[in-house]
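Here is a short briefing to read alongside the sequence and the coordinates. Take a moment to look at the model, then follow the topics below.

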Amino acid sequence: MFSEIVGNKQAQEVLRRMLAQGRVPGAMIFAGPEGVGKKLYALELARVLNCDARHGDEACGECPACKRIWRLSLSTADDQEAAKQIIWSGHRDVGLIRPAARFIVVDQVRELERETNFRPHEGARRVFIIDDADRLNESASNALLKTLEEAPPTTLLILITARPSGLLATIRSRCQIVRFAPLPAAEVEEFLVSRYKRSGAEASLAARLARGSIGRALELNIDAYREQRESMLGVIEALIAGGGGDRERLLRAAEELTDAKRKDEYEPRLDALQTLLRDVWLLTLRTPGAELINEDARERLARLSAGVESRRAAAWISQIEELRQQLGVNINRRVATDALFLSMAAA
Ligand SMILES: [Zn+2]
């Protein structure tokens with residue numbers, strides 16, 4: 001039921017109004033960041049439209065149609081072979097396509113086009129979700145455009161994307177856009193405590209790290225984060241040691257950070273360092289009531305930031321951002337990290 005989905009009440013209101021007025025368009029774009037509920041809302045809309053015991057603008061959630069449609073929410077992201085075709089829910093009128101590899105390709109859209117032409121098999125509306133729609137390649141985009149023009153009014157296409165600008169303008173103009181926003185940290189925290197029984201301290205840290213995405217909050221491993229954070233606090237200590245940094249300790253930290261045995265830890269650790277430096281920077285500004293991401297480490301961060309000028313903390317953050325932009329390119333991490341830490345010390 002809509003009333004059970006957390007966050008984005010404004011988008012929910014838009015959908016409810018469409019349902020109440022019986023004016024759900026033939027094509028929509030759900031646009032907004034990853035992990036804020038776009039797909040859940042799309043599935044819920046498919047349920048309301050096909051529920052056997054609908055109450056106004058709410059699906060019952062209990063009838064066979066509702067239950068079978070919901071199975072799509074459990075479909076996993078890693079079966080590439082299955083993803084080359086329409087992934088059906090348990091309901092014959094509700095399915096989804098998404099990139100099987102890098103792109104959604106024209107064969108997928110052609111299959112979709114065939115299906116959109118059928119009348120509903122058992123429900124009232126055929127609903128097709130196109131996940132990561134900004135990854136339609138050129139020929140698939142053109143095929144979709146044709147589908148959008150020709151689909152009968154009993155079909156609903158919902159394009160889900162975090163980058164609506166990646167869609168053809170001609171596709172965008174044929175769809176009604178519903179916008180989704182990041183969730184406030186308090187909402188994410190409340191959700192983690194009430195639905196997932198996370199402890200208060202853990203939920204609150206996860207919520208602040210998740211940048212408004214419930215999806216990200218659920219994926220986070222807080223114990224792992226705390227460990228990463230601990231080692232990155234050591235880097236900050238080394239940066240401020242003696243005023244200009246402890247060179248030897250920084251180079252040791254760079255060596256440890258780029259250890260080939262922990263290749264996958266590299267970026268999460270840089271992430272952790274960045275959140276810590278953001279907090280240090282906030283503390284140097286001495287704004288009353290400023291909320292830290294690492295609120296649970298406030299005392300330690302306050303001690304560290306006491307000897308740092310805000311100009312220096314801001315420079316550190318941009319230096320890390322610069323390095324992270326280069327990570328996409330093939331750089332030698334060890335050399336780049338040595339250089340990063342030494343130039344941070346000199347900042
Ligand atoms: Zn139902």
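The zinc ion is held at 2.3 Å by four SG atoms, those of C51, C60, C63 and C66; donors here are N, O and S atoms within 2.8 Å of the metal (3.2 Å for Na, K and Ca), and sites may look incomplete as water is not among the atoms. This is a predicted model, in which local features need pLDDT of at least 70 and side-chain atom pairs count only at pLDDT 80 or more, while totals for chains, interfaces and linings use all residues. Residues are numbered from 1 along each chain as its sequence is written, and side-chain values use heavy atoms, with hydrogens and water left out.

**Zinc site**

- The angles among the four donor atoms run from 102 to 118 degrees, and the site is tetrahedral (for four donors, all angles between 85 and 135 degrees).
- For reference, the ideal angle for four tetrahedral donors is 109.5 degrees.
- Along the chain, the donors of the zinc ion are spaced as C-x8-C-x2-C-x2-C.
- C51 is buried at a relative accessible area of 12%, and C66 is buried at 0% (buried means under 20%, with a 1.4 Å probe and protein chains only).

**Helices α7 and α8**

- Helix α7 (residues 185-196) packs against helix α8 (residues 200-209) at about 140 degrees, their axes 8 Å apart; axes are lines fitted to C-alpha atoms over the stretch in contact, and angles run from 0 to 180 degrees between N-to-C directions.
- On the α7 side, A185, V188, E189, L192 and V193 meet α8 residues including G200, A203 and R208 (contact means heavy atoms within 4.5 Å).

**E113**

- E113 belongs to helix α4 (residues 106-116) and is buried, with a relative accessible area of 14%.
- Beyond its neighbours within four places in sequence, E113 is in contact with K146, T147 and E150.

**Whole chain**

- The protein chain has 15 helices and six strands, and its C-alpha trace spans about 75 × 40 × 35 Å along the principal axes.
- Of the 347 residues in the protein chain, 48% are buried.
- Among contacts between residues at least 6 apart in sequence, 68% join residues at least 24 apart.

Notes
Four donors count as tetrahedral if all angles lie between 85 and 135 degrees; four count as square planar and six as octahedral if opposite donors are over 155 degrees apart and all others between 65 and 115; anything else is irregular. Buried means under 20% relative accessible area, exposed over 50%, partly exposed in between (1.4 Å probe, protein chains only). Helices (H or I, at least four residues) and strands (E, at least two) are DSSP runs, numbered from the N terminus.
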